[in-house]
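My entries are below, in the order in which I made them.

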Amino acid sequence: MNLNFRLSVLTQIADRWPRIGKTAMMKCVFFLQTIKGIPLDYDFEIYTYGPYSSLVMSEVDFARQRGYLKVDGVIYPNAYGYEISCTEEGRNLLSNNPQINQYKDSIFEIIDCFKNKQATELELLSTILFVNRRYKEKDKESVCKTVQGIKPKFTLTEIQNGYDFMSQRRYL
Amino acid sequence: MNEQIFEIRDVVYGFIELDEQERDIINQPAFQRLRRIRQLALTEMVYPGATHTRFEHSLGVLQMATNMYDCIVKKSRDKLRELSLNDEGVKRWRKIIRIAALLHDVGHPPFSHAGEDLMPPKNNESGKCYTHEDYSVEIIKKQFKDIIENHPNNRNYGIKAGEVTALLGDKSIKADSCMLLWKSLISGQLDADRADYLLRDSIHSGVSYGIYDRNRLIHCLALYTTETDSPVIAIQDGGWHVAESLVIARYQMFSQVYFHKTRRIYDYHLCQATKEILKKQIGNAGNYPPPQNIDKYLEFDDWTILYGIKSGNGRLHGEIIKNRTHYRLKHETEMIPTPEDEKRINSLIKEQGSEDTYFLDTPYASTKWYKLDKDIEVFDEIHGFLKPLSEYSPIIKSMVAVPQIKRLYIKQA
């Protein structure tokens, strides 16, 4: 899929999810590509902080250069982060790009499902999904065991709850 | 009985120390092949000293990764215990990292990155091609598994080849937290690979652009945790200036050496000449054999290609390399091409008519000098959390961009 389409998806996410952080943007793109099959063609790899594609962040920066997105650094009480917002120029891009319309429902569903989650929860849920798809692990026990190896900070109960959350929505 | 240590002289570190297993790995033909893979392809057409190879760089990455690891371990014992790493675990990971560092480039094609455009597609649908990392993983599994797992030095460690390939991006190996952490020493914004190549390429090219304070950098590395409690390698508060100098060194090396206008056109000529040689030798569309045919792939090195060029099998582009009659730069755009730039290039291309008489270089990927996405993290002592380097350094912040410079080269009359 072409660059313009991917920039439109990033812009659409920022429009629907005001002041979205970089972690949330990354995980949201991962969910859209993996769960909804939106043809974004990003290569996700697993890191200590969950699935990650360097191209996603490069293209967020590229969208910022083109004026579709605004990216502000923010100091929170316990972390340094970013807030990404859609600009007027971004909204123009969306209205001039009808290709995005067929994916809008999927984008909105994913955002509505995950937008109230903390960055830590998003990391866990996206890691569960990554393990399920990449390693083709289907049963709850093996997924949770592998996720615990990747993210030992989480208790088994927390991982199992995360698995249930994803499974109940048929995202696994 | 003490392990025997072997010392090799090196232009960056003075001496590099190896144990018997590492020496035996180096003596494998697949590793010796790296003596015949130049680090910087035909950069010598511009910087005559730049004839160094992946062999010495691989040894250098082993040394750099070891120095980085030892410093991190020394400073981060508590954090390592949280990862359930005791002294034995620390020693074992040190060994895995050294072997992975040594073998990280073993899958490079002839002339390193200049040959990567000729990697075959993984599948025709996606159009994505194999990378040198895919070949490295395959070579380690096929050619180095035995020496990694069954060497007498491995008796105390019980290291598996899969633990080495996992650090090099082997997707078939299930990840765990330690593996993901140490992987960033081999491939990340602050990795041993770039920390070595900047210094080494500078020395051999005869430039000073890539020189930074190596010892300071190494001694500023430590383990921290992100806001979501994930372990990461980052820079101590007081060390951000050295991280800044590393990024600037990289920027300078890209602009002055790696992306030099004449160097870039020789990548093109080399790629075209190699394609002709591969067509003749393999009979396909001009691609290297896929990783599944690794023995055939390993037959190719710089000598094979240079012999093909000397024999006339590189055809037009081979002759251009032999006689140094490369295409000349006709137009170069701004960092981000303006509409006028685009018009000028299109009109010059139209004037040329035939595709054989020009080359348009659009090195989008190779010019991402500093990626905001993988910003170097610095620990902010005052706030007690990690902050990106670009928030400390106004220079780095202003460098953050995705340059899309285009260059049009025209064949000499």
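These entries go from confidence to the chain contact, then to the domains and the helix pairs.

**Set-up and confidence**

I am working with a predicted model, in which local features need pLDDT of at least 70 and side-chain atom pairs count only at pLDDT 80 or more, while totals for chains, interfaces and linings use all residues. I number residues from 1 along each chain as its sequence is written, and chains are lettered from A and ligands numbered from 1 in the order in which they are written.

I noted that the predictor gives the complex an ipTM of 0.88 and a pTM of 0.93. For chain B I read an average pLDDT of 92, with 95% of the residues scoring at least 70; pLDDT is the predictor's confidence in each residue, from 0 to 100. Residues 365–373 of chain B have a pLDDT below 50, and this stretch has 25 contacts in the model beyond near neighbours in sequence. Where pLDDT is low, the predicted coordinates should not be read in detail.

**Chain B against chain A**

I counted a contact when the C-beta atoms of two residues, placed from the backbone, lie within 7 Å. On that basis 27 residues of chain B touch 25 residues of chain A. On the chain B side, helix H8 (177–186), strand S4 (231–235) and strand S8 (385–388) each supply at least two residues. Elements are DSSP runs numbered from the N terminus, with helices (H or I) of at least four residues and strands (E) of at least two. S8(B) has the largest share of that side, four residues.

I sorted the residues by class: Ala, Val, Leu, Ile, Met, Phe, Trp, Tyr, Cys and Pro are nonpolar, Asp, Glu, Lys and Arg are charged, and the others, Gly among them, are polar. The chain B side has twelve nonpolar, five polar and ten charged residues.

**Domains of chain A**

In contact are 15 residues of domain 1 of chain A and twelve of domain 2 of chain A. On the domain 1 side, H2, strand S2 (50–52) and helix H5 (104–114) of chain A give two or more residues each, and H2(A) gives the most, with six. By class that side has ten nonpolar, four polar and one charged residues.

**H2(A) and H6(A)**

I then looked at which helix H2(A) packs on. The axes of H2 (residues 22–34) and H6 (residues 119–134) of chain A come within 10 Å and cross at roughly 30 degrees. Axes are lines fitted to C-alpha atoms, for helices over the stretch in contact, and angles run from 0 to 180 degrees between N-to-C directions. H2(A) is therefore roughly parallel to H6(A); angles under 35 degrees count as roughly parallel, over 145 as roughly antiparallel, 65 to 115 as roughly perpendicular and the rest as oblique. The crossing is left-handed, meaning that the near helix is turned anticlockwise from the far one by less than a right angle, whereas clockwise would be right-handed. Phe30(A) and Phe31(A) are among the H2(A) residues in the contact, and Leu122(A) and Leu129(A) are among those of H6(A).

**H12(B) and H15(B)**

In chain B, the axes of H12 (residues 261–282) and H15 (residues 315–323) come within 7 Å and cross at roughly 135 degrees. The two are therefore oblique to each other, and I logged the crossing of H12(B) and H15(B) as left-handed. By class, their contact has five nonpolar, four polar and two charged residues.
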